[in-house]
Amino acid sequence: MLKALFARRHQGHQTIAYPAGPAQLPELFRGAPFLDPEMCPGGCADCANACPHGAITAGTGDQGPGTGKTLALDMGKCLFCPECAGACPHGAISFTGDHRLAVNRREDLIVRSGEVRRLAPPLDATRQFLFSHSLKLREVSAGGCNACEADTNVLSTVGFDLGRFGIQFVASPRHADGIFITGPVTENMHLALLKTWEAIPEPKIAIAAGACAINGGPFIDSPDVHNGADGLIPIDLYIPGCPPHPLTILDGLLRILGRLEE
């Protein structure tokens with residue numbers, strides 16, 4: 001036992017410093033988008049045309065002095081690929097290293113130039129009191145490709161140690177406080193998802209993680225999917241990305257629990 005204690009002391013702190021310290025992200029990480037319509041020449045829509053999933057709208061209006069250009073990017077549809085940024089030679093669209101993306105309203109996923117992004121606020125007082133130090137989630141992969149699921153599983157490893165915040169994934173919806181949904185909700189998983197949600201006792205929360213769960217992702221409008229969970233279950237937290245980075249997921253969970261100090 002003494003040898004084990006000495007070895008543990010020698011190893012030091014194994015978990016990431018976040019949220020007490022800064023988030024360490026890879027150099028190529030693409031986070032919150034930055035839009036600058038002032039850089040757009042008149043009549044150009046190259047970025048919107050390059051987006052394979054219709055996440056960008058470009059038009060005319062009162063945005064962008066001297067250009068009359070408007071730009072908006074829907075992070076719920078965005079797969080955070082570099083196609084739009086690569087198609088714009090003027091630098092009107094770029095991606096920052098900001099991992100803070102989670103919101104509690106679908107409309108807040110739409111980024112517009114000049115607007116302050118609205119990050120997810122804490123839950124209502126009752127649920128925050130109940131879940132702030134102990135939140136059990138039942139994950140449902142509703143037809144996902146396993147990318148969102150893999151990045152979610154990473155949170156339970158020693159590097160992130162989700163359990164230190166009192167957050168755990170459980171095997172039964174009867175033991176859960178909420179549901180964590182990934183995937184576009186295929187027809188085969190539709191009923192299973194709804195039954196899992198119904199089995200979780202009140203009060204409860206619902207989280208949609210990844211572009212598929214939010215909007216259908218690359219499978220949107222396929223006859224075999226339901227374009228995500230947004231129209232089936234009342235969502236309390238949207239976590240965009242394809243897949244969302246583990247720190248983006250962790251940041252969103254801690255925000256709704258009121259565990260972050262800006």
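## Notebook entries

**Entry on α6.** I began at helix α6, where I found His-190, Leu-193, Thr-196, Trp-197 and Ala-199 buried. Buried means under 20% relative accessible area, exposed means over 50%, and partly exposed lies in between, with a 1.4 Å probe and protein chains only. Helices are DSSP runs of H or I with at least four residues, strands are runs of E with at least two, and both are numbered from the N terminus. I then looked up what these buried α6 residues pack against, and found β6, β8 and β9. Contact here means heavy atoms within 4.5 Å.

**Entry on the model.** This is a predicted model, in which local features need pLDDT of at least 70 and side-chain atom pairs count only at pLDDT 80 or more, while totals for chains, interfaces and linings use all residues. Residues are numbered from 1 along each chain as its sequence is written, and side-chain values use heavy atoms, with hydrogens and water left out. pLDDT is the predictor's confidence in each residue, from 0 to 100. I noted a mean pLDDT of 91 for the protein, with 94% of its residues at 70 or more. Residues 62-67 have a pLDDT below 50, and this stretch has 15 contacts in the model beyond near neighbours in sequence.

**Entry on the whole protein.** I counted up the elements: eight helices and ten strands. Of the 262 residues, 45% count as buried. The C-alpha atoms fill a box of roughly 70 × 45 × 35 Å along the principal axes. Among contacts with a separation of 6 or more, 76% join residues 24 or more positions apart.

**Entry on β9.** Is strand β9 buried or exposed? Five of the five residues of β9 (residues 205-209) are buried, so the strand is largely enclosed by the rest of the structure. I checked both faces. Ile-205, Ile-207 and Ala-209 are buried on one side, and Ala-206 and Ala-208 on the other. In a regular strand the side chains alternate between the two faces of the sheet.

Next I looked up the partners of β9. Strand β8 (residues 178-182) runs parallel to β9, and four bridges join them. Two strands pair if DSSP finds at least two bridges between them. Ile-179 has Ala-206 in β9 as its bridge partner. From β8 the chain crosses through α6 (residues 187-199) to β9, in a right-handed β-α-β crossover. Right-handed means that, with the strands pointing away from the viewer, the path from the first strand over the helix to the second runs clockwise. Strand β10 (residues 237-239) also pairs with β9 in the parallel sense, over three bridges. There, Ile-207 is partnered by Leu-237 of β10.

**Entry on α8.** Helix α8 (residues 246-256) is mostly covered, with eleven of its eleven residues buried. These include Asp-251 and Arg-255. I traced what they pack against: β6 (135-141), α5 (147-153), β7 (167-169), β8, β9 and β10. Just after α8, Gly-258 takes a positive phi of about 70 degrees.

**Entry on Thr-186.** I found Thr-186 in the loop between β8 and α6. Which residues does Thr-186 contact, leaving aside its neighbours within four places in sequence? They are Ala-142, Gly-143, Asp-224, Val-225 and His-226. Gly-144 is 42 residues from Thr-186 along the chain, and their C-alpha atoms are separated by 8.7 Å.

**Entry on Ala-211.** Ala-211 lies in helix α7 (residues 211-215). Its relative accessible area is 2%, so Ala-211 is buried. Beyond four places in sequence, its contacts include Gly-76, Cys-78 and Gly-241.

**Entry on Asp-74.** Asp-74 sits in strand β3 (residues 69-74). It is buried, at 10% relative accessible area. Not counting residues up to four places away, it touches Ala-55, Arg-106, Leu-109 and Ile-110.

**Entry on cysteines.** How many disulfides does the structure hold? I found zero. The nearest cysteine sulfur to that of Cys-51, which is in no disulfide, belongs to Cys-81 and is 6.3 Å away. A disulfide is a pair of cysteine sulfur atoms within 2.5 Å. The sulfur of Cys-84 is 6.2 Å from its closest cysteine sulfur, in Cys-81, which is too far for a bond. Cys-51 counts as buried at 17% relative accessibility, and Cys-84 counts as buried at 5%.
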